[in-house]
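Visitor: Could you show me how to read side-chain features in a model like this one?
Guide: Gladly; let us take them one kind at a time.

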Amino acid sequence: MLVAAGVLMVAGIVIWEFDDGPRGTGGYRAWSAAAEKLGIADVKVKTVAALGKGALASNQGEAWFTQTHFVHRKSGKVVSYEIATGKIAWEYRLPSDDRCPSSAEQVDGRVVITTGGGSRIDCATLTLLDIGTGKKVWQTELPSSGPRPAKYDAPVVHGKRVAISAGRGYYLLDLATGVPETVESTQGCRGFRFTVVDGLLLARRVCPATGDGLEAFGEAGESVWQWSLPQAQGKGENWPKLAQVLSADPLVVMVTLDPSSRDAEIWKVDREFGRQTTVWKGTDGDTSPCDPHAPGLRHCPRGAIIGEKLVLHTGRAEIDPSAEKHEGTHDHANTHGELFAVDLETGKTVWTTPVIQNRTLGVITVADGKIIAYQEALPPQTLLRRSRKTWAGVPGLVVAIDPATGRDTPLMALPSDSTTSLRNLTGTSSFGHLGTSALWDGKRLALYNKRSYAIGPTLDAVVFE
């Protein structure tokens, strides 16, 4: 809300200056209304990655909520924090300090963590960890004579088995004992990767006869369906390559088209009739829903499937200072970013959230039939250096978005100092880039880093409730 106006003389030039005071622009007003209605969330856990002298990066990993704790894989260890007190409940030291992946999902409070198995390039040691107690259930070193998982081979838990890809083969481990079964392709297939989507274990494989494709398995290991991508028809034409899976029912996938570019598409697939509808085209980056080169097969932190809609975000842009929707002076902060929904049948946009100055939204997850989104916290800004006028910034906010209309309802207002306290943790609502990730369990929000870039101590996780 604009509360005062004045005239400032700089170098003999008259500049109209608007002082918006502490209330700020639209993004701040959205937070302020939510804070008044809901109250301010408390900071329950705040952790710092203590990087060594001269270090530029610290390897972080996945994070999980239990009923009472926040658990985060860090460099060389897994740490559990009691949410009620913010104190460390337990630490589990890992066999090595590396960038190997973990299972994103937990089953009965247990997760699978991979670490290096004697080589800097493989991730052949698997540990099943009870994140409720910090106790190791089992630890298995995969056979040195067989295929070796690498840093892009993320483990998944499905039914009573753990599956992990390994180049031209894969392993299935008994969830109770960790005993592995080696499966090597008899048809020359390669490029295996796994994910669990909609209750199915999806296996990606590239075979000489059928090309790139997916096979879905039930909990008993039975094959449920298969699907292959269309193959190139003309000489020199590139085959599409399966990059990530957003949904199994309906089947929605991200494919890359040209190895020399970053071009990608999102397809809604009709397996019965062997056809697909392109619902998004672009390049992998800040506005693409998935990271095509991420570990596993379901790393799509910037998009969501809900019903027959694909929800994406526009990326960050600026409002033209001369536009009607712009508030404040020409040098006033004016960024914005919206979410929009695409109909999976037609590929057409059905709604877009309103353009609000200094509100940038990013998808966190889908829960209770709503899209859970994060309104990015923006830092304070000096409007004019010589006048030293400042703008208050925008604190963070969590909202639920109705998938039918795009209308949002506030769920959590972060503290007012989140305008500055989160700067070293997340400067973007484009989750998945630069290591930034988010968790929401219905009442608690965790913002954390999977990889920290800094010299010296740096904030790597905050939990709000």
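What follows is a walk through disulfides, aromatic pairs and charged side chains in this predicted model.

Visitor: Let me begin with the cysteines. How many disulfides does the structure hold?
Guide: The structure holds three disulfides. If you number the bonded cysteines in sequence order, the pairing reads 1-2, 3-4, 5-6.

Visitor: Is the link of cysteine 189 and cysteine 207 left-handed or right-handed?
Guide: The link of cysteine 189 and cysteine 207 is right-handed, with 110° about the S-S bond. Here the chain positions are 18 residues apart, with cysteine 189 in the loop between β15 (180–184) and β16 and cysteine 207 in strand β17 (residues 200–207). The sulfur atoms of cysteine 189 and cysteine 207 lie 2.0 Å apart.

Visitor: Why does cysteine 189 count as buried?
Guide: Buried means under 20% relative accessible area. Cysteine 189 counts as buried because its relative accessibility is 4%. Cysteine 207 has a relative accessible area of 9%, so cysteine 207 is buried as well.

Visitor: And where does cysteine 290 lie?
Guide: Cysteine 290 is in the loop between β23 (275–283) and β24 (304–306), and so is its partner, cysteine 300, so the pair ties together parts that are 10 residues apart in sequence. Their sulfur atoms are 2.0 Å apart. The torsion of the cysteine 290 and cysteine 300 link is about 95°, so this disulfide is right-handed. Both cysteine 290 and cysteine 300 are buried.

Visitor: Now the rings, please. What describes a pair of aromatic rings?
Guide: The distance of the centres and the angle of the planes describe such a pair. This structure holds six aromatic pairs. One of them joins tyrosine 170 and phenylalanine 194, with 5.3 Å centre to centre and 75° between the planes, and is edge-to-face. Tyrosine 170 belongs to strand β14 (residues 169–174) and phenylalanine 194 to strand β16 (residues 190–197), so 24 residues separate them and the pair links distant parts of the chain. Both tyrosine 170 and phenylalanine 194 are buried.

Visitor: Which residues form one aromatic cluster?
Guide: Phe65, Phe70, Tyr81 and Tyr448 do. Phenylalanine 65 also has a charged neighbour: arginine 444 lies over the face of its ring, at 4.7 Å from the ring centre.

Visitor: On to the charges. How many salt bridges are there?
Guide: The count comes to 12 salt bridges. Among them is the bridge of lysine 74 and aspartate 460, whose closest N and O atoms are 2.5 Å apart. Lysine 74 lies in strand β6 (residues 69–74) and aspartate 460 in strand β39 (residues 458–464), so this bridge ties together parts that are 386 residues apart in sequence. Both lysine 74 and aspartate 460 are buried.

Visitor: Is glutamate 345 buried or exposed?
Guide: Glutamate 345 counts as exposed because its relative accessibility is 52%. Its side chain meets that of lysine 268 in a salt bridge of 2.6 Å, N to O. Lysine 268, by contrast, is buried, with a relative accessible area of 11%.

Visitor: Which side chain meets arginine 275 in a salt bridge?
Guide: Aspartate 270 does, at 4.0 Å, N to O. Aspartate 270 is partly exposed, with a relative accessible area of 24%. Elsewhere, salt bridges that share partners join Asp122, Glu141 and Arg148 into one network.

Key: Residues are numbered from 1 along each chain as its sequence is written. This is a predicted model: local features need pLDDT of at least 70, side-chain atom pairs count only at pLDDT 80 or more; totals for chains, interfaces and linings use all residues. Side-chain values use heavy atoms; hydrogens and water are left out. Rings of Phe, Tyr and Trp (its six-membered ring) pair if their centres lie within 6.5 Å; planes under 30 degrees apart count as stacked, over 60 as edge-to-face and the rest as tilted. Helices (H or I, at least four residues) and strands (E, at least two) are DSSP runs, numbered from the N terminus. Buried means under 20% relative accessible area, exposed over 50%, partly exposed in between (1.4 Å probe, protein chains only). A charge sits over a ring if NZ of Lys or CZ of Arg is within 6 Å of the ring centre and within 35 degrees of the ring normal. A disulfide is a pair of cysteine sulfur atoms within 2.5 Å.
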